[in-house]
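User: I am new to this structure and would like to learn how its features are read. Please guide me through them one at a time.

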Amino acid sequence: MIRKLLSSLLLLCFAAGTVRAQSNSIFIPHGRIEFQRSVNVYAQMQQTMEEGDDHWVDLMKKMANHFRTSYFDLYFTGNKCLYKPGRESDDKQTFFFWTPPAQDNVIFSDLETRKCISRKNVFEEGFLVEDSLRPIKWKITDETRNIAGFNCRRANAIIMDSIYVVAFYTDEILAEGGPESFTGLPGMILGVSLPHNHVSWFATKVEAVTVSDAQVAPPVKGKKVNNAGLLQSVQPSLKDWRKTGRQYIEAILL
Amino acid sequence: MPRLTVLLLSIFLSSSAALAQSSRISGTIADTTEKKSLTNGSVLLLRPSDSILVSHTRTTAGGHFQLIAPTGHYIILVTYPSYADYVDTLFIRDSGAIVLPTIGMTLKSKLLETVVVSGNKGAVRIKGDTTEFNADSFKTQAGASVEDLLKKLPGIQVDKNGKITAQGEAVKKVLVDGEEFFGDDPTLVTQNLRADMVDKVQVYDKKSDQASFTGIDDGQREKTINLKLKNDKKMGYFGRLTGGVGTDGYYDEQLMANYFKKKEKLSAYGIISNTGKTGLNWGERDTYGQSFVDNIDVDQNTGSFNFTSTGNNDELDSWSGQYEGQGKPSVKTGGLHFNNKWSDDNISLNGNYKYLQLNVAGNTVTNTENILNNSISFNNQTQNFRNEITRHTADGNYEVKFDSTSSLKIQATGGTDHKTTFNEFHSDYLGSDSSLINHNDRITSTGGDKNILNSYLIWRKKLAKGRTISMAVRENYTDDKSAGFLYSNTQFYPKGAPSYDSLVDQLKDFHTVTTLVDTRATFTQPLSKTSFLVANYGVVLNNSHSNRDSYNKGFGGKYMLLDSLFSNDYKYNVFTHRGGLGYTLIKKKLRFALGSDVGLTQFDQRDLVADTSGHRHFVNWYPNANFTWSFSNMRRLGFNYNGRTDQPQLTQIQPIYTNEDPLNITIGNPALKPKFTNQFRLFFNDYKVLTDRGIWAGINYSITENDIANSVTINLDSGKRVNQYINVQGNYRLSGYLNYSFKWAKPDLRFDINGNANNSGNVSYINGAANKTRSATYTLGTGIYKSKEKKFDIGVRFNASHTESRSTVNTGISTSYWTYQIQPEGNLFLPLKFQIHADADINLRQKTPIFTTNNNVALVNGWIGKKFLKNDALLIKVAVNDLFNQNIGFNRNVNSNFISQSTYTTIKRYGMLSVVWNFTKAGTPMPPQR
């Protein structure tokens, strides 16, 4: 019975198709994680809908796919992580050319000094945001889930006073980082969902490869600001955009 | 000394008190059975009240760990891959070091798995492989959570840890409207998903993500629950009632109302007015009528959108709702609109009915200068008109999505117009020495009925491997009957000869029936992930039958003598086979399309009275090319070319002499060829969101082969003109525009600057000789705007425009003049909910050698109003239109070899008191005020 369980457990590891060592006590100190980011475009459109706009929203839905998928790579080694856009998505090209800002961030996190350097493209401006890593008060739960072959534990939190975050982390990866600005759990975050903002990141594969210093070098180009400065730069133009403006500001400051 | 001791003591005490706040905890973790130490294990300290992570660390080589935490109660959680979690409470009583006993960890595989009990398989509604439950049929307590709802549904179980099993299998994923659902944590989020928000619960076996993506079934299935949420909108109504009474007999009464229940909408409107409003404007139609959004079709392949309509509806729709024409209008109009969606939005129905009764009356004065070979002549005309139209239209729209691959759309419009017109003209024709050549008095009156029935049907289907096919049929049918009288008396004053009279007294009887059937089948074949080929084929049938008869008075004063010169019974049938091929490439930054249609057209023309017929064949081309480059989301460069063939119209081709104005006779030309226009367009747009700076620029050029123009023969002695339609070469239009808008941040001002240039060349024939006219208009304008929310908004526009024209028939005479326009507008929001609005339209028009009056006009309007009731639902305002009583209808027109200027009656000064009441059902938010 126990052998059957053990062997089925091992089979599950193979079937999940991840590159992992067989021994179950190897901790991964460096490697590359591919994340799939998924945005529920229809739900976001619905959120920005004003009274009486429903047939406009129906029309916009016809012009766009239900979900928008993109891929990101997270390189980590020791206490440094670099998150940046990865391979091309397989989404069918749609005519809906108005994509929100900050969809292709490059984020460097130094988990030791708690510093963070991000390159965010917001409309016609490319910002280089230098600030400290966001401190997040995580609530640990008992719920677990398998992501990319790793057993992950769920944690919930609230960031920016109102955004609800659900994250899944694994203690098998030593670096305590994650996609975008989500860090601070006792392990690597392999899944994040912002349910009320309708966007999520989930790891599709983890490769325990050596990562050179050049591969985790921070971004350098862009208009230098900190988080407060970033908000100040975008708020004047977006404050008149009502619900859409609020959605964009949240996406930019994430 | 004692003071120093106290100081030192207090420092020592406070620091040890600080030390007393936190404690150092150390310990070791090890495997219970094999006694092996575990490196890199995770040790977490959580707050017991809310599980918030306070501190954490990893174990070192010997399984040792150290944590620093303030005194208090904690939960300690130790995790290690493949081992069961170790959870315990920890009370840090005081400061100092605490050494915990060794924590023993046990492998998960050594513990028993929990066994899931399967429930009975009950289903309420099975949809394919999906079992669907209607959430409302399972009663839950008010405010119950989704988990409570799921527990009630047959076949679904939720255990104490929240784990869900459905139909005997553990549910892997819970989705909400297709997106994965992670339960809301009630201590963090108050906006939980409640049972009463759920419309349907669907339970099905989802194919693995891989299988869904590649389309290849790998046999893996996951039990999934999908929750479909209810449409937020409940039920309500809102509307607007306007009552206005003014001086000089002006009135304006409007009622618009809208009732909605979920996806069903019913609205009605009625307008009785003589202030120029003749229908709903764009924004009102979106709210109270059929939004034009319902007529937009999105092409699934390119994502581009286009308006579908049954065609030929221009006359049946008042686009602006404001009357901008000549004369004084009075209107009674109303309409009903209904729309609803069923079956998850798969079936939708729209229906409309509209009634319009419009009376317009007024006077027009027109002065025309005709430039001839070696002379000029003048025409001065006054016109008095009274027109009335009564119109009924009904239209509907039905769309059904059979499944995810096929859909059908049917649109139909039907209408009847009853029109009566009455015109009285007096005109003088003068020679270049201002001597009178002829004088004419004329009355025309007609009464007629026009019936229209148009429909459009399109069926679309997606085939395997990305192919699509569609079939469309359009039908337009028009039946136009009118009868009337022409009474015209002209006195001629030839040089050196006695004057003489000419009288035309006729009954006119016209009947035209046109039928259009346009069919098209389209097939698309993908060539790669980013490109595809489109092939289309169809036939177009365009048949017209026009019977126009003129009768002179016979014996007994009855109109019974057919005047064959001005009568004709004609059939004009055009039949086209049309097919084509196109290639489209869509990439992230680049879109490119190239293709052409070719048509084999057959003209069949029959004169039923003379019993003659003519057949002609043409090959028509419809090439097009399209290129767009997106530098970024908001910066785009594009180029567009298309070639288009237009057939001659019935009125141009029918070989009849038209003498509604006996001094200006028009003759149709049955030998007219179709015209072909090449159109080129280049444009560039760039908008910077953060600085609110926009650039829009473009150039358009079009050149036409076989354009249809007039050949005029003027008899200089009598002033009579005869126009015949002919094909000419070389007509072109060239235009360019540049708009630049930006915001000056500091004073919060918005600016825009725009420039337009229009240049055109026209060919016509005058007394047998070719005449080329080149005209140009250049405009430069600027606008400044500033607004402060709830305080004021003001703006002003300036425009300067220069028009010039030169004709080869007489190069000595050229037209050139400037016009200037100043348009300020402002709103002031005062305390106590008062508002003042004022706007002006000041036009300064330069005199010309011919048009010696300036016709400068300062048109100033304004109103003062106050809002009452909560929600500002009631507005009472006093308005004045055209404060200085200067409004004149004005039109200056430059066309080939004649230039004309006309002024006409229009609405002038009046004052009006209006009450506007926006009403809504309690709880319904107000619709957007556009």
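**Reading burial, contacts and surface patches**

Analyst: Of the 930 residues in chain B, 42% are buried. Please note that the model is a predicted one.

User: What does the secondary structure of chain B come to?

Analyst: Chain B holds five helices and 52 strands. Among its contacts with a separation of 6 or more, 62% join residues 24 or more positions apart. The accessible surface of chain B is about 48,700 Å², and carbon and sulfur atoms account for 57% of that surface.

User: Which residues make the nonpolar surface patch of about 830 Å²?

Analyst: Among them are B:Leu241, B:Phe868, B:Val878 and B:Trp917. At least two residues of the patch come from each of strand 18 (235–246), strand 49 (874–881) and strand 52 (910–920) of chain B.

User: Which strand of chain B gives the most to the nonpolar patch?

Analyst: Strand 52 gives the most, with three residues.

User: Is B:Val878 buried or exposed?

Analyst: The cut-off for exposed is over 50%. B:Val878, a residue of strand 49 of chain B, has a relative accessible area of 52%, so B:Val878 is exposed.

Technical notes:
Residues numbered from 1 in each chain as written. Chains lettered and ligands numbered in written order. Predicted model: local features only at pLDDT ≥ 70, side-chain atom pairs only at ≥ 80, totals over all residues. Heavy atoms only, no water. Helix = DSSP H or I, 4+ residues; strand = E, 2+ residues; numbered from the N terminus. Buried < 20%, exposed > 50% of the residue type's maximum accessible area, 1.4 Å probe, protein only. Contact = heavy atoms within 4.5 Å. Areas by Shrake-Rupley, 256 points an atom, 1.4 Å probe, with all protein chains shown as cover. Patch = residues over 30% accessible without salt bridge, like charges linked within 9 Å, V, L, I, M, F, W, Y side chains within 5 Å. Salt bridge = Lys/Arg side-chain N within 4 Å of Asp/Glu carboxyl O.
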